[in-house]
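Here is a friendly walk through a two-part report: read the headings in order, with the viewer open beside you.

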Amino acid sequence: MAKKATGGLAAIFHDEKQILQAATRCREMGLSKFDAVTPYPVHGMEEAIGIKRSAIPYVTFVGALIGCSVGLFITVWCSAVSWPINIGGKPMISLPAFIPIMFELTILFAALSSVAAFAWLCRLPKMDPVVIDPDLTSHKFAIFVPEHDTGYDSGKLEQVFKDLGAAEVKRMAEY
Amino acid sequence: MIKRNKLILGHKDLKSITDDICQPVETPPGKGWLTLFLGAKTLLIFYIIILGCVIAKGMGLLGVNHPVAWGTMIITFVFWIGIGHAGTLISAILFLFRQKWRTSVARTAEAMTVFAVMTAGLFPLLHTGRPWLDFWLFPYPNQRGPLWVNFRSPLLWDVFAVSTYATVSIVFWYIGMVPDFATLKDRAKNQIRRKIYGALSLGWRGSARNWSHYEMLYLLLAGLSTPLVLSVHTIVSFDFAVAQLPGWHTTIFPPYFVAGAIFSGFAMVVTLMTLVRIGFPQFKDYITIDHMEVMNKIIMTTGMMVGYAYASEFFVAWYSGNIYERYVFFVSRAFGPYAWSYWIMICCNVLIPQVFWFKKMRRSIPVMFVVSIFVNIGMWFERYVITVTSLHRDFLPSSWGNYAWSFFDGAVLFGSFGLFLTLFLLYLRVMPAVSIAEVKPVLPVGRDDGHGGH
């Protein structure tokens, strides 16, 4: 799913509340592909934009199951199949003793697969991406509407954002 | 309604928070930092030389011998691993409990975890005696059979626990820093700085869709780290508890070790935070006296839990009716040749933290600094007591013997602080020491402007 960078309209705000209003407004106007750029996760932004709950937990669950099975498989196969050695008269498949290993591998696989899923879903790492404004990672907030969004009308949007108190409205050639 | 205290002092806005936290990374270091760094680095070089000697000449340089076959290296390993636990407790467990005060100390505590685990990890690797064969610890396909590792051994569980802990802690720490690296990149004035922080930030731009995934990932990693951190010290305690030796063979070890780990870790956090507050005065608005007070309360609580465990060990030894158990605790440990170490431990871990009953003491920086140092000493001695006093007199009086402490024992212990402090001081200069993105949402907490906290 290689997406070409598209152009669009970006509005920069100085206040957390204004950007929430702007996001709600965009959604009411029928836009759906727009995004907000904020220095920290803004409370209520998911609802305002209409972002669905992240799918990462499903990956974590599968990763955890795989980790646990791998742990069970290595311990049992190494100790009871590949080269069985009697240690202190314990049974070949001494399950209670294998639980720590299974547990640690469950956590390890779950954590690493979640991070991989995160990177894939966010398309990270990105090489030197275009930035709307360098202050967006510090104290400013922005709404970006791509030009291929349904009902995109740059003149109308610019007016809407200005009315909502945007400090700056920028046309981006690509983002 | 109980009034909430402000989590961030002073009249801050979003921009001044960014400026404050980025300042140490963006300005040349001052004299104080340089002095500390030169000291730490000299100690690190000394440590490298000592470890070189130990590797070249062998473990015989240290005092370990029959019957005390586990000595400084194992004691100091458990000590450093324990230190690491407080970082994960602050960053993961307090996150799950929605303790908002954690945000300003989490980053540095997590860094402490990573460096403490790195420092700790060296010890068992060297204690094997032939560190160049340490890859034997992992089950890899080989041409000797294949001959596998013994999965029933607690020492092998430790290999898995500590390496998983190190990996997950580093990942958790790094993921937390990604948005802050993007901030540093966007503020960068020169190209090299921009490139380095740009690469570290992975091209993070802070879009709402990415934040949604990011918050979910952070929650998941916190949820995974929580059982992990409890399992790690549990497994470390199994190294002792699974053995048959009186003094080690007790079921109380896992919770006792975890409480002790949190105790010592918080003491180290307090030690480091008092120093960070002196070195970077602008952080006093983020790491406030309220934060320090809360941590001191945790120190006192866990200190009493540890004290309870000490008492419980004696009770169970008496209640078991077993003469060897009774001998180890009532004769050998409390009144034997190592009684001094036992009483140092009791003083430092149980008695001294009691000063925190008084609010004035909890909120006094010099007092908490001194107490935290005593706790660190006491917790090192706790592991010394467990390891050495249990080993030095076993079932056969003919094989009794004392630990032959040598110069190299002291040198590896003190040298390890060189490694830890060098890493920590470098961290303070190249990474944002307070989480920029996490602190901003707690800015309104305790402020009377109508939308404070939710």
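What distance separates the centres of domain 1 of chain A and domain 2 of chain A, taken over C-alpha atoms? The centres are 45 Å apart.

## About the model

This is a predicted model, in which local features need pLDDT of at least 70 and side-chain atom pairs count only at pLDDT 80 or more, while totals for chains, interfaces and linings use all residues. Residues are numbered from 1 along each chain as its sequence is written, and chains are lettered from A and ligands numbered from 1 in the order in which they are written.

## Domains and strands of chain A

In chain A, domain 1 is made of residues 8-51 + 131-172 and domain 2 of residues 56-121; these bounds come from an automatic or database domain assignment.

Let us turn to the strands (DSSP runs of E, at least two residues, numbered from the N terminus). Strand β3 of chain A covers residues 141-146, and five of its six residues are buried, so the rest of the structure largely encloses it. Buried here means that 20 or more other C-beta atoms, placed from the backbone, lie within 10 Å of the residue's own.

Strands count as paired if DSSP finds at least two bridges between them. Strand β1 (residues 8-13) of chain A runs antiparallel to β3(A), with six bridges joining them. Strand β2 (residues 35-37) of chain A is also antiparallel to β3(A), through three bridges.

## The fold of chain B

Chain B has 15 helices and zero strands; helices are DSSP runs of H or I, at least four residues. Its C-alpha trace spans about 75 × 60 × 40 Å along the principal axes.

Buried residues make up 49% of chain B. Of the contacts in chain B between residues at least 6 apart in sequence, 81% join residues at least 24 apart, a contact being two C-beta atoms, placed from the backbone, within 7 Å.

## Where the chains meet

Across the interface, 50 residues of chain B are in contact with 51 residues of chain A. On the chain B side, α1 (14-26), α5 (154-187) and α7 (208-241) each supply at least two residues. The most come from α7(B), with 15 residues.

Conventions. A residue is buried if 20 or more other C-beta atoms lie within 10 Å of its own, exposed if 12 or fewer, and partly exposed in between; C-beta atoms are placed from the backbone.
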